[in-house]
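Take a look at the model below. This report follows one residue first, then turns to the place where two chains meet.

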There are 4 protein chains.
Amino acid sequence: VSIPLEAAREAVDAALAHAGELGVDAAVTVVDQGGHVVTMSRMDAAAILTVRMSADKAYTSAVTRMPTADWHPLVQPGQSLFGLTSAEAGRIITFGGGLPLEGEAGVVGAIGVAGGSVDQDVAIAEAGRRAWRPAWTGA
Amino acid sequence: VSIPLEAAREAVDAALAHAGELGVDAAVTVVDQGGHVVTMSRMDAAAILTVRMSADKAYTSAVTRMPTADWHPLVQPGQSLFGLTSAEAGRIITFGGGLPLEGEAGVVGAIGVAGGSVDQDVAIAEAGRRAWRPAWTGA
Amino acid sequence: VSIPLEAAREAVDAALAHAGELGVDAAVTVVDQGGHVVTMSRMDAAAILTVRMSADKAYTSAVTRMPTADWHPLVQPGQSLFGLTSAEAGRIITFGGGLPLEGEAGVVGAIGVAGGSVDQDVAIAEAGRRAWRPAWTGA
Amino acid sequence: VSIPLEAAREAVDAALAHAGELGVDAAVTVVDQGGHVVTMSRMDAAAILTVRMSADKAYTSAVTRMPTADWHPLVQPGQSLFGLTSAEAGRIITFGGGLPLEGEAGVVGAIGVAGGSVDQDVAIAEAGRRAWRPAWTGA
């Protein structure tokens, strides 16, 4: 496993805490390098769809090694990757809320957030990623 | 089950009756809080696709706790959630015809309609929702 | 549509009534000749799995034009159709509870029941089929 | 949500602690009444398959309201439910490791464990369920 459960949990908890500050009911998932779930949690009032969306945002970010938001302009009508949104039976999510998690040797996993607006989901994912770094590096 | 079968049937029957008044051949599905079907019926002349579309509209409305129509502007090209239409292998429907059903504690299920134009499907779903409320509350 | 909604509903209601007599919490589905749902209802205390199981029993019976129970001996280890249970991603159900519904020109649909033991499900499906025949033939 | 995140986490943590005592590398998932994930965690050395297996055991237990182990004798060759293992595209798991979680009004969710032998998975799930009860009832 590329991301220890303990570090993944700290990232999820930091993300959930920030969601609470923003008043957003969210689900947060951390996946490993292969896009497989390490840990996920859904807040009590979060909609059911957030489970799958947070997991698929994390998956997309892990298997592409990019923030999900970076794909958004490229998949628009007429753009080079139009149609990518349907790939892998809809598991590829191309709007914000998924961020890669990096270790010394590059991308080792990703975090995905769903439940708020895209901007809120990105902010929550960033809070999770900030908490993960020191846990990983021991700083 | 978050929605009793008897109340769900009254909602479906009211929706089918309104479909008949509008001259629309429709299918109507009621799902519970988790998006699982409680009851569904398809009118004799309704197209086969209406089965799945009514179920998926109800599913989408239950797992997002929103009318399906509310997602429509957000998923257009260039908008923040462009690509959401492909999520969950295409079960997420982002045009009108799905409405949440509310109980005392919030959303307890949803109704989905397919078979007519979007405006007709919305009107039929609203007729179903109106009939469900008194059945649920005992009014 | 090969089965009118009104006749399908009478079959479902008769099946649900018999389930109640047996003290079984069941779901009942009627599908048309193509295996597509005409109507389905789930009793309040029926497990969620009954939704899909009743629909897949009806589907199997419609697309094979046989009672689902008839396949049971043929799919056992060493028998000629061992492995059929996995066909169509698991939609083919090879134990009792699905029965074809016949019209003048042969099989026009099927009824599927889930929620009790196999014997109970078969008995409930038979109750549904008995109610459907007069509705269909006008007897 | 039928199971609060905090209570679900306590169940998962208790299960993971017992897995550690047994020397088993496991994944543990808690789902709500509808089978949708509330929280899941995978231990660092657990195989990737444990993610899906723990989730599907929890799902099976929620949608059938039974321990997954109870289905095991019924699905053997020649038995009444032979073939059930393929239902719902293989999400139905019929050996031990999934247990329903009960509230005042009956089954409100389930816990699923994968990673050890079946006996170990059952023991770990039971440890999780024991921890969840007081959290739920406030005892």
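Is D:Ser41 buried or exposed? In this predicted model, D:Ser41 has a relative accessibility of 1%, so D:Ser41 counts as buried; the cut-off for buried is under 20%.

D:Ser41 sits in strand 2 of chain D, which covers residues 37–42. Beyond its neighbours within four places in sequence, D:Ser41 touches residues of both chains, including A:Leu5, A:Val38, D:Val12 and D:Ala27. Its side chain also makes a polar contact with the side chain of A:Arg9. D:Asp32 reaches across too: its side chain forms a salt bridge with that of A:Arg42.

| Side-chain pair | Type | Distance |
|---|---|---|
| D:Ser41 and A:Arg9 | polar contact | 3.1 Å |
| D:Asp32 and A:Arg42 | salt bridge | 3.0 Å (N to O) |

Now the whole interface. Four salt bridges cross between chain A and chain D. There are 19 residue pairs in polar contact, both at pLDDT 80 or more. Strand 2 of chain A gives the most to the side that touches chain D, with six residues. That side of chain A holds 12 nonpolar, three polar and five charged residues.

Chain A brings 20 residues to the contact and chain D brings 21. A:Arg9, A:Arg42 and A:Asp44 supply 34% of the area that chain A buries against chain D, more than any other three residues. Together the two chains bury about 1700 Å², with 47% of it on carbon and sulfur atoms.

How are the copies arranged?

Key:
Residues are numbered from 1 along each chain as its sequence is written. Chains are lettered from A and ligands numbered from 1 in the order in which they are written. This is a predicted model: local features need pLDDT of at least 70, side-chain atom pairs count only at pLDDT 80 or more; totals for chains, interfaces and linings use all residues. Side-chain values use heavy atoms; hydrogens and water are left out. Helices (H or I, at least four residues) and strands (E, at least two) are DSSP runs, numbered from the N terminus. Buried means under 20% relative accessible area, exposed over 50%, partly exposed in between (1.4 Å probe, protein chains only). A polar contact is a pair of N or O atoms within 3.5 Å; within protein, one must be able to donate a hydrogen and the other to accept it, and residues adjacent in sequence count only if both atoms are side-chain atoms. Contact means heavy atoms within 4.5 Å. Buried area is the accessible area (1.4 Å probe) that two parts lose on being put together, summed over both. Ala, Val, Leu, Ile, Met, Phe, Trp, Tyr, Cys and Pro count as nonpolar, Asp, Glu, Lys and Arg as charged, and the others, Gly among them, as polar.
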